[in-house]
Amino acid sequence: VWGKELAVGAINGTALGILLALVGWAWMGNPWLGLVAGSALALNTLIAVSIGGTVPLLAKRMGFDPALASGPVLTTITDVCGFALALGMATAMLPLLM
């Protein structure tokens, strides 16, 4: 199940990442900004799909209701990873973004 979810997430994340990269490049005129934003979105989508597919299974195995437990956990992990990816990549590529 996780492999199928990951494949769909990879396709979705890549498509959305490329679209966001092109919009960022067209909007600000800096291809590196588009690369940072698009890559962060693509990787965050993969993380969200991975967590979204495994947390309900783990919650059920631990005796929790998957519908109640997975929402807050998925949202928290996805948000933290999204901010860390975007800000980390932007920090690493800061000279190219200015």
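Is A59 buried or exposed, at 6% relative accessibility? A59 counts as buried, because buried means under 20% relative accessible area. Keep in mind that this is a predicted model. The report starts with the whole protein and then turns to single residues.

## Overall make-up

The protein has four helices and zero strands. Read from the N terminus on, its elements run α-α-α-α. Helix 1 covers residues 2-28. Helix 2 covers residues 31-61, and helix 3 covers residues 66-92.

The C-alpha atoms fill a box of roughly 50 × 25 × 15 Å, taken along the principal axes. The protein has 98 residues. Of these, 24% are buried.

## How the helices pack

Start with helix 1 and helix 2. They pack at an angle of about 160°. Their axes lie 7 Å apart. An angle over 145 degrees counts as roughly antiparallel, so helix 1 and helix 2 are roughly antiparallel to each other. Their crossing is right-handed.

Now take helix 2 and helix 3. Here the packing angle is about 155°, and the axes are 8 Å apart. That makes helix 2 roughly antiparallel to helix 3. The crossing of helix 2 with helix 3 is right-handed.

## Residues in helix 2

A59 has its place in helix 2. How far is the C-alpha atom of A59 from that of V73? The separation is 10 Å, and the two residues are 14 apart along the chain.

N44 is also found in helix 2. N44 is buried, because its relative accessible area is 14% and the cut-off for buried is under 20%. What separates N44 from C81 in sequence and in space? They are 37 residues apart in sequence. From C-alpha to C-alpha, the gap between N44 and C81 is 6.6 Å.

## Residues in helix 3

A67 lies in helix 3. Its relative accessibility is 64%, so A67 counts as exposed. The cut-off for exposed is over 50%. Along the chain, A67 and W25 are 42 residues apart. Their C-alpha atoms are separated by 39 Å.

I77 is found in helix 3 too. Its relative accessible area is 30%, so I77 is partly exposed. Partly exposed covers the range between the buried cut-off of under 20% and the exposed cut-off of over 50%. I77 and I51 are 26 residues apart in sequence. In space, I77 and I51 are 8.0 Å apart, C-alpha to C-alpha.

Which residues make the nonpolar surface patch of about 630 Å²? They are L16, L19, L20, V23, W27 and M28.

One of them, L16, lies in helix 1. Why does L16 count as partly exposed? Because its relative accessibility is 37%, which falls between the cut-offs for buried and exposed.

## In brief

Helix 2 is roughly antiparallel to helix 1. Helix 2 is also roughly antiparallel to helix 3. Among the residues described here, A59 is buried, and N44 is buried as well. A67 is exposed. I77 is partly exposed, as is L16, a member of the nonpolar patch.

Methods
Residues are numbered from 1 along each chain as its sequence is written. This is a predicted model: local features need pLDDT of at least 70, side-chain atom pairs count only at pLDDT 80 or more; totals for chains, interfaces and linings use all residues. Side-chain values use heavy atoms; hydrogens and water are left out. Patches are made of residues with over 30% relative accessible area and no salt bridge: like charges are joined within 9 Å, nonpolar side chains (Val, Leu, Ile, Met, Phe, Trp, Tyr) within 5 Å. Accessible areas come from the Shrake-Rupley method with a 1.4 Å probe; for residues, only the protein chains shown count as cover. A salt bridge is a side-chain nitrogen of Lys or Arg within 4 Å of a carboxyl oxygen of Asp or Glu. Helices (H or I, at least four residues) and strands (E, at least two) are DSSP runs, numbered from the N terminus. Buried means under 20% relative accessible area, exposed over 50%, partly exposed in between (1.4 Å probe, protein chains only). Axes are lines fitted to C-alpha atoms, for helices over the stretch in contact, and angles run from 0 to 180 degrees between N-to-C directions. Angles under 35 degrees count as roughly parallel, over 145 as roughly antiparallel, 65 to 115 as roughly perpendicular and the rest as oblique. A crossing is left-handed if the near helix is turned anticlockwise from the far one by less than a right angle, and right-handed if clockwise.
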